[in-house]
Amino acid sequence: MTDRESNVYIAKLAEQAERYDEMVEAMKKVAALNVELTVEERNLLSVAYKNVIGARRAAWRIISSIEQKEKSKGNESNVSKIKVYAQKIHDELTSIVADVVDTIDKHLLPHATGEESKVFYYKMKGDYFRYKAEFSVEDARKEAAKQSLEGYQQALDSATQHLASTNPIRLGLVLNFSVFYYEILNEQAKACELAKKAFDEAIAKLDDLSEDSYKDSTVIMQLLRDNLTLWTSGDNDDEDD
């Protein structure tokens, strides 16, 4: 078993054990080989980072909610404690985003030859800078939003040119890009326009879908439609990929 195969196996073990920090470390070793990742390897890397940052994003939301409640009660002593604790989560989130982007820029994009891979990695950059914008304020939020927009736009330009409208990676990209417009830039009309265009284009080509990608594509199309329904009804509990 090569080092590459060994690390992929360790990553799968770590996933089963729900030890996602170790899953990330194993997949970073694969990425550091500076080779084109297989679809399986790419997905393992994505799942690892998504779970690592997902736990911190959830923690950040909970702590922020508690902080608001304590503020409304005038409990300044508790608020100051919460701020210290929140900073710890903030630092972890910042570190994870920096790590993801560094791995993509140094090891993944330079060795991605397939257009689907390039779209996947640019989408990841858009996603992780979007997450950074969620927990940042003022200039840091503006900068994260700018970098997120750049990642998503590069992904969309490539996807529009090279991937079918029903491709699940293209659909997942538009799903998340539209959430970015809605949540981060507060541009509801743009979010709805992007999501509706992708949904309509995919519906028109639904008969061309292969069995392999039918389920993945239709699930994401449903999420696009769900978000459109929520956004046009004034609700904002939206979903991303």
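These legends describe close-up views of helix packing in a predicted model.

**View 1. Helix 6 packs against helix 7.** Helix 6 covers residues 138-162, and helix 7 covers residues 168-184. Their axes lie 10 Å apart, at an angle of about 150 degrees. Angles over 145 degrees count as roughly antiparallel, so helix 6 and helix 7 are roughly antiparallel to each other. The crossing of helix 6 past helix 7 is left-handed.

**View 2. Residues join helix 6 to helix 7.** From helix 6, the contact includes Arg141, Ala145, Leu149, Tyr152 and Leu156. From helix 7, it includes Arg170, Leu173, Val174, Phe177 and Tyr181. By class, the contact of helix 6 with helix 7 holds 12 nonpolar, four polar and three charged residues.

**View 3. Helix 7 crosses helix 8.** Helix 8 spans residues 188-204. The axes of helix 7 and helix 8 come within 7 Å and cross at roughly 165 degrees. Helix 7 and helix 8 are therefore roughly antiparallel to each other. Helix 7 passes helix 8 in a crossing that is left-handed.

**View 4. Residues join helix 7 to helix 8.** Helix 7 contributes Arg170, Leu171, Val174, Phe177, Ser178, Tyr181 and Tyr182. Among the residues from helix 8 are Gln188, Lys190, Leu194, Ala198 and Glu201. The contact of helix 7 with helix 8 divides into 10 nonpolar, two polar and three charged residues.

**View 5. Residues of helix 7 take part in two contacts.** Arg170, Val174, Phe177 and Tyr181 of helix 7 are in the contact with helix 6. Arg170, Val174, Phe177 and Tyr181 are also in the contact with helix 8.

Definitions and conventions: Residues numbered from 1 in each chain as written. Predicted model: local features only at pLDDT ≥ 70, side-chain atom pairs only at ≥ 80, totals over all residues. Heavy atoms only, no water. Axes fitted to C-alpha atoms, helices over the stretch in contact; angles between N-to-C directions. Helix = DSSP H or I, 4+ residues; strand = E, 2+ residues; numbered from the N terminus. Parallel < 35°, antiparallel > 145°, perpendicular 65-115°, else oblique. Left-handed = near helix turned anticlockwise from the far one by under 90°. Contact = heavy atoms within 4.5 Å. Nonpolar A, V, L, I, M, F, W, Y, C, P; charged D, E, K, R; others polar.
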